[in-house]
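Could you walk me through this model in my viewer, one selection at a time? I would like to know what to pick next and what sits there.

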Amino acid sequence: MSHRVTAAADAPQRERTTPLTGEVVASLPESSVADVERAFEAARAAQPAWSATPVKERVEFLERLHDLVLEHQSEMLDLIQLDSGKARIQAFEEILDTAGVCRHYAKKAPSYLAERKGAGAMPVLTQARTGYRPKGVVGVVAPWNYPLSMTITDALPALAAGNAVVLRPDEKASLTCLKIVELIDEAGLPEGLLQVVLGDGPTVGGAVLERADYVMYTGSTNVGRQVARDAGERLVGASLELGGKNAMYVAEDADLKRAAEGAQRAVFSSAGQLCISIERLVLHEAIADEFLRLFLARVKAMKLSTEVGWGADMGSLISAQQLERVEEHVADAVSKGATVLAGGKARPDVGPFVYEPTVLDGVVDGMSCRRDETFGPLVSVYRVANDDEAVAFANDSEYGLNASVWTKDVKRGRAIAARIQSGTVNVNEGYASAYASNGAPMGGMKSSGVGRRHGAEGIRKYTDIQNVTVQHVQGFGVPKGMSQKQFAKVMTVGLRLMKRGGVA
């Protein structure tokens, strides 16, 4: 698969290990900064012809890719598990997501990018139209936690919009990336438009972002701030999905069995290594004990495994570093008075980086897991007396990426959701319903990022918006034979008539 990597023939090779066992599974070339430069040169050479191709033709490869992803899902699932360590059922979410993004933009990109008429300065005489022109070459620097979804689904709308893409997958997610790029080749994307470089974030990822006409970054808030500063210095656009400390509120009228099942998935999917996973459980005091009885029974019954295949409820963390972070958060909380309700220890008997699904009670300010993102299988429990307290607690965070509200009263759920400072809020689901709604925007508020993926916003961000306006018959100059004062009076009458006529 390494033939799709832009790297010198004598490039150094780096061994790739799997978090499932720690064993080496591949050796892949390392790109240099010079390789990144070559990738951009090739992308820039290919992009003009692609930009000139009608959008209905550009999206044809997405239709074919949709089918290829489904046809090759068994191999893709193996690679996702090897790259990330996650359970296969959670790897399957990435198949669903990628196919869904392909289908959505194959169908909707032509309308999202269609030229639009706007209100002209003078009715009939002024005809304004808005067009969407591709940026050029988009730089995508992807994270490791969703090695299929987060690696490729941001690149697909960028390509559909007429751009070329230089993609730097995370070093831990390279195998999955190279396979999906093979399928993209098979789907018929013209040569040169999608360039892949492999290497570390600061060097290779940084070189990609420094050269891109538009920046797409998913990762930590700290790095995201630097990416935004660098993009701002160059006056190029950037879309950033960053960290989260997401809250789920279970109201007193919620279906508790359904909420307990939803919470289990929302907290422990991909071992909690999901930007939109739930790390704070906010429970109405009237149902807190009963909810915890149901939830903890599910958590304690979860099957942990590092096998490649179906059947596990949760797999492994990605690395020793991530395991250490979870251990530190739990140890810090317990040392300061928190109580472990479930889990609370590593499981080397299952895999080298496996940590039990863990629930903490009694977490307060001063404990690192109260406000800092853990990004692991850890959730803290909090009790509130009413909706106002729940909203205040959910908003008591620098982050605002995702939230969840559980109530049988949908109107109440929507009203609560509207008060939560979060880019997505799911009512009676943890994260999947909002994220999987490809026709609706997804992204963060506050320190969780800027920009949106999915929907019209998710493809138009990769374009420059151009206004082309044609003026007919009468222009804006003073007509011959009319004084400036007369012209001003005529225009004033015209403005009043347009207001009365409801002209925008």
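Helices (H or I, at least four residues) and strands (E, at least two) are DSSP runs, numbered from the N terminus. The model is predicted, so local features need pLDDT of at least 70 and side-chain atom pairs pLDDT 80 or more, while totals for chains, interfaces and linings use all residues. Residues count from 1 along each chain as its sequence is written, and side-chain values use heavy atoms, without hydrogens or water.

**Stop 1: the largest pocket.** Select helix 9 (201-211), strand 8 (214-218), helix 10 (221-234) and helix 13 (320-335): each supplies at least two residues of the lining of the largest pocket. Helix 10 has the largest share, 9 residues. Now show Trp144, Tyr217, Gly219, Ser220 and Val223, the closest to the pocket's centre of the 42 lining residues. The lining divides into 15 nonpolar, 15 polar and 12 charged residues.

**Stop 2: the second largest pocket.** Move to helix 5 (88-112), helix 6 (149-152) and helix 17 (432-435), which each give at least two residues to the lining of the second largest pocket. Helix 5 gives the most, with 6 residues. By class, this lining has 10 nonpolar, 4 polar and 6 charged residues.

**Stop 3: a helix pair.** Finish with helix 15 and helix 16. Which residues meet here, with contact meaning heavy atoms within 4.5 Å? Asp387, Asp388, Val391 and Asn395 in helix 15 meet Arg412, Ile416 and Arg419 in helix 16. By class, that contact has 2 nonpolar, 1 polar and 4 charged residues (Ala, Val, Leu, Ile, Met, Phe, Trp, Tyr, Cys and Pro count as nonpolar, Asp, Glu, Lys and Arg as charged, the others, Gly among them, as polar).

Methods
Contact = heavy atoms within 4.5 Å. 1 Å grid on protein atoms, 1.4 Å probe; cavity = no way out; pocket = protein on both sides within 12 Å on 5 of 7 lines; lining within 4 Å.
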